[in-house]
Structure formats: C-alpha cells, structure tokens
Amino acid sequence: MKGIKTIILFLALFLAYPGLSPADEGSIYDPGELKPIDSEIKVEEGDEAVDFTLPAVGGEEISLSQYRGEKNVMLSFVPAAWTPVCSDQWPGYNIARHFFDDNDTIILGITTDNVPSQYSWIRAMGGLWFPVLSDFWPHGEVAEKYGILRGDGTAERATIIVDKEGIIRFAHVEDINRRPPLEMLVEAMEKLP
Amino acid sequence: MKRGVWSTFVSLFICMAMLGASHAWAEEMDNFPEENIQVPEEAVHQDYLGISGDENFVIGDVQADLVLVQVFSMYCPICQREAPDVNDLYDMIHEQGLEESIKIFGIAPGNSSFEVSVYRDRYEVEFPLIPDPDFVWHKHLGEVGTPTFYAVNPGNGRILHSHTGPFHDGIEAYLEEVKAHL
C-alpha cells in the first residue's frame, strides 16, 4: 500500500512538471502551482528600509546599509533555489544589467536557502553579476522582518527597491508562480529620486 | 524497507520513461498548430515573412518553403548563450541564397514585448521575435522547453525537423539537417 502511495506521489510530481529548459532537466524540483501569496507584507513605500547583514555566496557578509549614499538597491527575494520560475528570473537580469547600471542600482538577490545550495544553483544558471545572499539562519529572519516569509519557510517572489537614502521607493509581491515583468522594475527604477 | 526502495525505483523508472516520452512527443509532434500568431509590429518583419499587417497570421501564411520557428526566452541562459549562433544561422541562410526559401521567426513564452525587445537589442536579432506573455503558444506547443527549433513546411503545416536544447554539433550542421528537407 505504501509502495502504491509512493508511485502515485512520483506520478503526481511528474504531472505537475511544466516545460523547462533542457539544461534544467533532472536538477529542478517543481512544486507545482502554489498559493500566489502566503504572507502579509509589513513595509510600504516611504518607510525606512530595515537594515540587515547576510552572508553572500562570494564568502563575504553584505549589509543593506553599506550602499547608503552610494547605490540604490533592488532587493530581489525569490522563493527557493532549484525551482522553475526562480531559475528563470535572475538569468534574465544578466542581459538587462544596463537598466540597473543606468539607474545606479545594484541587485541583492535573496533566498532562504543555505549558501552551498545557492552556490551550486548559481553555477548551474551560468553565473550572475550581482550578489546573492542567504537568509537561511536564523531562518528567514530578514524576509520575516519585511513581512514576506511564507508559511513553508520560503520567501515570496518580492521586489523592494531602496533608494540611496535608505527609503523604500517600491515594494511589490508577485504571484509566486510568475515572474515580475521586467518593465515594471525598470519603470520603478526610473522614478527613483 | 525493501518494498519501499523497490517502489521508489519503479516510480523513478515510470517517471523517467514518461518524461522521455513527453519530450519525444514534443519533438515528434506531427503538425505545427494552426493557431493565430501575433503579427510582428515592424513592417520590415511583416515583409520578411510575407504577411499582411493584420492582427494575426498562421504558419501557412508565411511565404517560404521552410519556416524555422525558434521557441526561446530572454530569461533562458542557453537562449542567451546561443543567440549569436542563431544570428549566424540567419546570416548563413542569406549567404547561401536561401533567404526566400527558409524564413525564421521566434516565439517567446512568458515574455512581454518589452522583454523580447531587451533580447532583440542585446543580440541585434534581425528576424521577427514574437512575445507570448500569457504562455498561450507555449501551451499549443506542449509546454516545450527552451530553446526549441521547429522546421515547418508552411504548405501543409508538417513539422519536418525539431531540435531542443543546445546545438552541440554547431549551427552549420543544423542548417545542413534542415536543408535536407527542402
């Protein structure tokens, strides 16, 4: 009976499998369609952004406040490494870098995965030009402070843009099953003071 | 315990077999869907495909002996990496005097017009690229992975050749393969 349940579980996972890039086959876990938003954001435009320090995949620790007076910061939270939509979001920013440079904006990618998992995932994606930070421990602490930690311990697919004075100028939680449109992010950056 | 291990193996085997079958199906789909495709905005692209300025066209409207349809995404690392190769393919078709016989256009599942324009500008793509922001065409094509190329006879809609994933053997070899269907 247990064996049949296992077979049914595997088949269900298979049926939830969407079309993925061939490079992803065998390494991407697809959780299927998820509840679009599973948290209540605690910040809004005009708030001072809560500072944090997190370990980055490069080995250093990065604080939001280190960019104060220097760069606008786009916090790009994605739910989890090795999942379909997330694996198909940040690589797009590699060819859209000029929009970020033109608007004096750095991206900080954040997930609640641990660094080793993020490291392997980034390599599989072919590398990224921006730092990726781990909000793994205390688990999801930064995501929780921003009100974007989901009930299962992953982060929402959320974008928060902080200006050089540390003020939140854009806060958006996208349906976890979709990518935030690039044009929306570019428009938000172009409105920065 | 043994039973659990065996059921896991059986499950994995079934899933792998089905996965293989699904991709074979995607690659061996007999006919290209006779569904509406958004007419490219630029007149030069409409002229290239030989279609009018109406809202939509179907594959059979393209004036060519063979149509190469590229399913891609600006977010797909392989599509980014191979964009110069695909440009080379377009150039080779012209250099070999086949520009009237073989036409290329791209469809971008989940990409908005803006996102497609980012890809076009970055790689200076000359052939038409058509956004599919709501994954409508992606569903028509069986949610195929990116990148995928179909070589289609527009006269009868038959898919004569399909290729999913990187061009491991090079773009010249791919062109020779599709030319065999002319």
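**Figure 1. Helix H3 of chain B against its sheet in the predicted model.** Helix H3, residues 77-95 of chain B, lies across S3, S4 and S6 of chain B. Its direction makes about 160° with that of strand S4(B), which spans residues 102-109. One of the pairings in this sheet joins strand S3 (residues 66-71) to strand S6 (residues 148-152) of chain B, in the antiparallel sense and over 5 bridges. Within that pairing, B:Leu68 has B:Ala151 of S6(B) as its bridge partner.

**Figure 2. Helix H4 of chain B and the residue that follows it.** Residues 113-123 of chain B form helix H4, which lies across S3, S4 and S5 of chain B. The helix runs at about 145° to S5(B). Its buried residues are B:Glu115, B:Val116, B:Val118, B:Tyr119, B:Arg120 and B:Tyr123. After H4(B) comes B:Glu124, with a positive phi near 50°.

**Figure 3. The open sheet of chain B.** Five strands are arranged in the order S5-S4-S3-S6-S7, and their pairing is mixed. S5 (129-132) and S7 (159-164) of chain B are the edge strands, each pairing on one side only. From one strand to the next, the twist averages 20°. Chain B as a whole contains 6 helices and 7 strands, which follow one another from the N terminus as α-β-α-β-β-α-β-α-β-α-β-β-α. Of its 182 residues, 52% count as buried. Among contacts in chain B with a separation of 6 or more, 65% are between residues 24 or more positions apart.

**Figure 4. The open sheet of chain A.** The 5 strands of this sheet have the order S5-S4-S3-S6-S7, with mixed pairing. The twist between one strand and the next averages 20°. Chain A has 7 helices and 7 strands, in the sequence pattern α-β-β-β-α-α-α-β-α-β-α-β-β-α. Buried residues make up 52% of the 193 residues in chain A. Of the contacts in chain A between residues at least 6 apart in sequence, 67% join residues at least 24 apart.

**Figure 5. Strand S4 of chain A and its two partners.** S4(A) is mostly covered, with 7 of its 7 residues buried. In a regular strand, side chains alternate between the two faces of the sheet. One side of S4(A) carries A:Thr105, A:Ile107, A:Gly109 and A:Thr111, and the other carries A:Ile106, A:Leu108 and A:Ile110; all are buried, and both faces of the strand are covered. Strand S3 (residues 72-77) of chain A runs parallel to S4(A) and is joined to it by 6 bridges. In this pairing A:Phe77 stands opposite A:Ile110. S4(A) also pairs with strand S5 (residues 132-134) of chain A, in the parallel sense over 3 bridges. Here A:Thr111 stands opposite A:Ser134.

**Figure 6. Surroundings of A:Ile106.** A:Ile106 lies in strand S4 of chain A, residues 105-111. The residue counts as buried because its relative accessibility, 15%, is under the 20% cut-off. Beyond its neighbours within four places in sequence, A:Ile106 is in contact with A:Tyr67, A:Lys71, A:Asn72, A:Val73, A:Met74, A:Trp129 and A:Pro131. A distance of 25 Å separates the C-alpha atoms of A:Ile106 and A:Arg150, which are 44 residues apart along the chain.

**Figure 7. Strands S6 and S7 of chain A with helices H5 and H7.** S6 (residues 157-162) of chain A and S7(A) run antiparallel and are joined by 6 bridges. The bridge partner of A:Ile161 in S7(A) is A:Phe170. Helix H5 (residues 115-124) of chain A lies across S4 and S5 of chain A, at about 155° to S5(A). Helix H7 (residues 182-190) of chain A packs on the sheet and touches S3, S4, S6 and S7 of chain A. The direction of H7(A) makes about 170° with that of S7(A).

**Figure 8. The largest cavity and its lining.** The structure holds 1 cavity of 30 Å³ or more. About 60 Å³ of space lies in the largest cavity. Its lining consists of A:Ala49, A:Leu64, A:Ser65, A:Tyr67, A:Arg68, A:Lys71, A:Val73, A:Val162, A:Asp163 and A:Gly166. By class, 5 of the lining residues are nonpolar, 2 are polar and 3 are charged. Among the lining residues, A:Tyr67, A:Lys71 and A:Val73 are also in contact with A:Ile106.

Methods. Residues are numbered from 1 along each chain as its sequence is written. Chains are lettered from A and ligands numbered from 1 in the order in which they are written. This is a predicted model: local features need pLDDT of at least 70, side-chain atom pairs count only at pLDDT 80 or more; totals for chains, interfaces and linings use all residues. Side-chain values use heavy atoms; hydrogens and water are left out. On a 1 Å grid over the protein atoms alone, a cavity is a set of points where a 1.4 Å probe fits but cannot get out, and a pocket is an open set with protein on both sides within 12 Å along at least five of seven lines; lining residues have an atom within 4 Å of a point. Grid points are joined across faces, edges and corners, and a volume is the space filled by probe spheres set on the points. Ala, Val, Leu, Ile, Met, Phe, Trp, Tyr, Cys and Pro count as nonpolar, Asp, Glu, Lys and Arg as charged, and the others, Gly among them, as polar. Two strands pair if DSSP finds at least two bridges between them. Helices (H or I, at least four residues) and strands (E, at least two) are DSSP runs, numbered from the N terminus. Axes are lines fitted to C-alpha atoms, for helices over the stretch in contact, and angles run from 0 to 180 degrees between N-to-C directions. Contact means heavy atoms within 4.5 Å. Buried means under 20% relative accessible area, exposed over 50%, partly exposed in between (1.4 Å probe, protein chains only).
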